[in-house]
Amino acid sequence: MSDLAQDAIAPDLPSMSDVLDEVEQLLRKYVVFPTEGAAVAATIWIAYTHAARAFDVCPYLAITSAEKECGKTRVLELLELLCRDGWLVEEVSPAALFRKLDHDHPCLLLDEVDGLLTDKSSERGEAIRTILNGGHRRGIRIPRADGPNHSIREYDAAGPKALAGIKDLPGTLASRAIPIRMHRRAGGEVVARWRRRRVEAEARPIRQSLAALVAHLDLDALGNAEPDELATLSDREADLWEPLFSMADTIGGLWPGRVRAAALELHGHRLDERESDALLLLSAIRTVFDRLGVDRIHTQTLVRELLEEDGPWVGWWEHDHGKGQLQAAGSKVAKLLRPFEITSDDLRIGEDVRKGYRCSAFEDVWLRYLRQDTQAATDNAPNSPTSTSTVAAVAAVAPLAGVGVPAEVRRRVREQLDEGMSLFQVAVLLATDGTPPPTGYKGWTVPAVDAVARS
């Protein structure tokens with residue numbers, strides 16, 4: 001549904017920030033999003049689709065839910081009306097998908113994706129999975145034998161994609177997507193009645209304005225921008241959000257802060273739910289060593305301590321632990337750690353010599369595979385507007401004591417709150433531009449912003 005060419009010279013265009021506000025309002029009119037961050041992510045992603053050709057990475061949206069009737073299809077229907085060249089499909093053959101993506105480069109909006117990917121032995125399912133795995137970055141070509149002579153042709157499947165389905169996407173796809181986990185509406189949550197023709201009329205001028213505004217952008221400069229990132233994001237997550245941060249910075253207004261707050265909400269404040277059991281175990285073992293303050297630990301002691309930490313092993317080992325049978329649990333730990341070249345040794349702790357692990361054996365692996373403490377990164381990094389670690393200070397620890405900031409910062413905080421920004425959004429903006437935190441606070445946290453606003 002591209003209006004790019006016909007609206008490129010439209011006069012009296014509104015500001016891009018105002019148009020994006022209209023996009024969000026229309027989305028919220030017909031959908032109850034689970035969080036503000038989810039609504040913001042969907043909104044900025046729509047703007048991104050109009051400029052997607054400027055970027056090398058093509059972030060997906062993963063619109064999932066635990067059960068049906070949670071609003072996933074409605075989100076896709078709205079995306080179809082607001083995105084650039086939205087193509088909403090449910091049942092599609094691999095051949096049609098290959099050719100459509102390669103020839104037209106639409107914004108793919110794929111519903112019921114769980115049904116297409118469930119049967120791993122299905123040739124169709126594997127072909128579609130290949131397309132989706134290879135379509136997240138420009139320059140990747142997918143070879144396929146075509147025609148009666150089975151000649152090899154390489155297809156370009158790159159482009160924005162929103163995938164909707166029940167339960168989580170497979171790990172390889174989930175790592176390419178920004179997660180929006182929908183919930184069924186509660187009794188008091190009301191949306192406007194959906195009438196396709198009426199909604200089309202509402203969406204059309206918004207889409208046209210967005211397309212026209214993007215047509216005026218320098219796409220080369222947009223694609224080459226290096227926006228401030230968030231240190232709490234993994235490398236893959238930072239890749240996904242970079243085009244959206246660039247769009248938000250270009251749009252201006254409250255959007256740079258709101259989009260970074262959404263990234264922290266959806267990706268940056270928790271250990272990724274899609275992490276493998278091995279990475280979850282590594283994180284829990286690090287917690288155990290930190291909690292006990294030891295440099296070595298016997299395997300059976302480690303297993304008992306791990307049962308105090310959240311993780312899938314609670315279900316694995318709790319029954320055996322109740323019977324005092326921890327040998328199988330120790331073997332499971334060893335199996336999960338083996339790919340990281342971490343093995344147990346005979347260790348003496350006091351008078352007891354048994355199999356166990358040294359903390360030093362984990363240190364390099366923790367550094368390489370787990371997210372590091374963001375405050376430590378902040379303490380060791382320069383406090384400059386372009387430092388990604390300054391943004392990480394938003395997730396810093398609680399305040400120490402007292403409060404003290406220049407009057408200009410206090411005025412700015414109050415103005416931003418008066419404009420409707422949340423405490424968290426203000427914290428993101430202040431951390432992003434390198435504003436020093438108040439006296440007695442280690443970083444721009446929600447309590448820090450609240451303290452300044454009340455001072």
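**Close-up views of a predicted model**

**View 1. Helix 2 and helix 8 cross in a right-handed manner.** A crossing counts as right-handed if the near helix is turned clockwise from the far one by less than a right angle, and as left-handed if anticlockwise. This is a predicted model, in which local features need pLDDT of at least 70 and side-chain atom pairs count only at pLDDT 80 or more, while totals for chains, interfaces and linings use all residues. Residues are numbered from 1 along each chain as its sequence is written, and side-chain values use heavy atoms, with hydrogens and water left out. Helices (H or I, at least four residues) and strands (E, at least two) are DSSP runs numbered from the N terminus. Helix 2 (residues 36-50) packs against helix 8 (residues 196-215) at an angle of about 55°, and their axes are 9 Å apart. Axes are lines fitted to C-alpha atoms, for helices over the stretch in contact, and angles run from 0 to 180 degrees between N-to-C directions. The angle makes helix 2 oblique to helix 8; angles under 35 degrees count as roughly parallel, over 145 as roughly antiparallel, 65 to 115 as roughly perpendicular and the rest as oblique. Helix 2 contributes Ile-46, Ala-47 and His-50 to the contact, and helix 8 contributes Arg-207, Leu-210, Ala-211 and Val-214 (contact means heavy atoms within 4.5 Å).

**View 2. Five strands form an open sheet with parallel pairing, in the order 2-3-6-1-7.** Two strands pair if DSSP finds at least two bridges between them. Strand 2 (86-89) and strand 7 (177-182) each have a single partner strand, so one side of each lacks a neighbour in the sheet. Four bridges connect strand 2 with strand 3 (residues 107-110), and Trp-87 has Leu-108 of strand 3 as its bridge partner. Helix 4 (residues 94-104) packs on this sheet and touches strand 2, strand 3 and strand 6 (161-166); the direction of helix 4 makes about 175° with that of strand 2.

**View 3. Strand 9 and strand 10 form a hairpin with two residues between them.** Strand 9 (residues 345-349) and strand 10 (residues 352-358) run antiparallel and are joined by five bridges. Arg-348 has Val-353 of strand 10 as its bridge partner. In the turn, Gly-350 has a positive phi of about 70°.

**View 4. Arg-28 and Glu-24 form a salt bridge.** Their closest N and O atoms are 3.0 Å apart; a salt bridge is a side-chain nitrogen of Lys or Arg within 4 Å of a carboxyl oxygen of Asp or Glu. Because Arg-28 and Glu-24 are four residues apart in helix 1 (residues 16-30), about one helical turn separates them.
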